[in-house]
Amino acid sequence: MPSRLARAEPRPRVVLVQPTGAHRTLVAEAGVRARAELMAAGFDVVVVVAAPSQSPKELADHARQNHAIATVSVVVDAGGVQANIWVA
């Protein structure tokens, strides 16, 4: 007889890197929105606080360390709030 409790499939994990330092309010707001959108899309989101400038290697390292399929880094520059994305 099959169980009535369905097993939940593990959700793919994404690391959201939020930098420290200046523009904390902008970064926090963008991070909240990005996290909500990723969760709504069915991803498990892990938030990591790190230095503001992340190289592609560092983004990849965050993904590997957290068993994630991608890393999204929220950054602020002269153009405003942007995201750097690394996908496995």
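Author: Two residues are in contact when they have heavy atoms within 4.5 Å. This is a predicted model: local features need pLDDT of at least 70, side-chain atom pairs count only at pLDDT 80 or more, and totals for chains, interfaces and linings use all residues. Residues are numbered from 1 along each chain as its sequence is written, and side-chain values use heavy atoms, with hydrogens and water left out.

Reader: What share of the contacts with a separation of 6 or more joins residues 24 or more positions apart?

Author: Take the contacts in the protein chain with a separation of 6 or more. The part that comes from residues 24 or more positions apart is 61%.

Reader: What percentage of the protein chain is buried?

Author: Buried means under 20% relative accessible area, exposed means over 50%, and partly exposed lies in between (1.4 Å probe, protein chains only). For the 88 residues of the protein chain, the buried part is 30%.

Reader: How far apart are the end C-alpha atoms of helix H1?

Author: H1 covers residues 24-40, which is 17 residues. The expected span is 1.5 Å times one less than the number of residues, so H1 should span 24 Å. The model agrees, with the end C-alpha atoms separated by 24 Å.

Reader: Within what arc do the buried residues of H1 fall?

Author: In H1, Val27, Ala30, Gly31 and Leu38 are buried. Seen down the axis, they line one face of the helix. The arc is taken from the directions from the helix axis to the C-beta atoms, and here they fall within 105 degrees.

Reader: Which residues of H1 are exposed on the other side?

Author: The buried residues of H1 pack against strands E1 (13-19), E2 (44-50), E3 (70-77) and E4 (80-87). On the other side of H1, the exposed residues are Thr25, Val32, Arg33, Glu37 and Ala40.

Reader: Against which strands do the buried residues of helix H2 pack?

Author: In H2 (residues 56-65), Leu59, Ala60, His62 and Ala63 are buried. They are on the same side of H2, because they cover an arc of only 155 degrees around the axis. Lys57, Arg64 and Gln65 are exposed on the face turned away from that buried side. The strands that the buried residues of H2 pack against are E1, E2, E3 and E4.

Key. Helices (H or I, at least four residues) and strands (E, at least two) are DSSP runs, numbered from the N terminus.
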